[in-house]
Each structure stands twice: as structure tokens, then as C-alpha cells.
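This briefing covers fold, surface and salt bridges. The structure comes first, and the notes follow by topic.

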Amino acid sequence: MSTAMNFGSKSFQPRPPDKGSFPLDHFGECEHFKERFLKCLRDRRFENALCRNESRDYLQCRMDRQLMAQEPLEKLGFGDLTGGKSEAKTQV
């Protein structure tokens with residue numbers, strides 16, 4: 001019977017997400033960028049690597065409108081796209 005009482009000895013300690021929380025886009029300020037990204041995903045059978053420009057533009061819109069914390073695009077995985085246009089954009 002004493003083993004049944006040990007469940008509470010280790011309590012679960014929740015932790016916040018690594019990037020924190022961010023507000024939803026209630027006013028649709030980045031709706032256009034989101035729709036372009038989703039359309040790209042649908043057109044390319046959800047191969048997200050082919051839609052990196054659209055993803056970057058959507059995240060940049062969110063940062064510009066303070067819907068998420070400002071982060072360098074390089075830190076978000078877009079370091080290769082910050083210098084100019086990539087080939088994926090010109091093939092659209």
C-alpha cells in the first residue's frame with residue numbers, strides 16, 4: 001500500500017515554450033502572407049522546403065507588426081535567404 005502513495009513524490013513542473021507565447025493575428029494584418037504560404041504548401045504537396053520564401057515573408061510580417069518577438073532571420077533558419085532572392089521564388 002505504501003507504493004501506491006508515491007505518485008505524488010515527483011511532481012510535474014511545466015515550463016513555458018522556448019519562444020514564449022505570441023498574440024494571434026486578430027485583425028488579419030498578415031493574412032495575405034499566411035494565405036500565400038498556405039497556397040504554396042498546397043501547390044507543392046506540402047513540401048515546406050519549397051516555400052521558405054513565403055514562410056520568411058510571413059514571419060517577417062508578424063515581427064514587423066509586433067505579433068511575435070523580433071528575431072534575426074538567420075536565427076530562424078533563413079540565413080541563406082536574407083542576402084537576396086532564392087531560386088525557389090523565381091520558379092513560381
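Glu31 and Lys34 sit three residues apart in helix α1 (residues 31-43), which means that about one helical turn separates them. The two form a salt bridge, with 3.6 Å between the closest N and O atoms. The model is a predicted one, and a search of the whole structure finds six salt bridges.

**Salt bridges**
- Glu31 is partly exposed at 33% relative accessibility, and Lys34 is partly exposed at 29%.
- Lys39 and Asp43 also pair, their closest N and O atoms being 2.6 Å apart.
- Both residues of this pair, Lys39 and Asp43, lie in helix α1, four residues apart, about one turn of the helix.
- Lys39 counts as partly exposed, with 46% relative accessibility.
- Salt bridges with shared partners join Arg36, Arg56 and Asp57 into one network.

**The Asp57–Arg36 pair**
- Asp57 forms a salt bridge with Arg36, with the closest N and O atoms 3.5 Å apart.
- This pair links distant parts of the chain: Asp57 is in helix α2 (residues 52-64) and Arg36 in helix α1, 21 residues apart.
- Asp57 is buried at 17% relative accessible area, whereas Arg36 is partly exposed at 29% relative accessibility.

**Fold and surface**
- The protein chain has four helices and zero strands.
- Of its 92 residues, 24% count as buried.
- The accessible surface of the protein chain is about 7500 Å², and 55% of that belongs to carbon and sulfur atoms.

**Leu81**
- Leu81 is placed in the loop between α3 (74-78) and α4 (87-90).
- Leu81 has a relative accessible area of 5% and is therefore buried, the cut-off being under 20%.
- Leu81 and Arg52 are 29 residues apart in sequence, and their C-alpha atoms are 8.4 Å apart in space.

Definitions and conventions
Residues numbered from 1 in each chain as written. Predicted model: local features only at pLDDT ≥ 70, side-chain atom pairs only at ≥ 80, totals over all residues. Heavy atoms only, no water. Helix = DSSP H or I, 4+ residues; strand = E, 2+ residues; numbered from the N terminus. Buried < 20%, exposed > 50% of the residue type's maximum accessible area, 1.4 Å probe, protein only. Areas by Shrake-Rupley, 256 points an atom, 1.4 Å probe, with all protein chains shown as cover. Salt bridge = Lys/Arg side-chain N within 4 Å of Asp/Glu carboxyl O.
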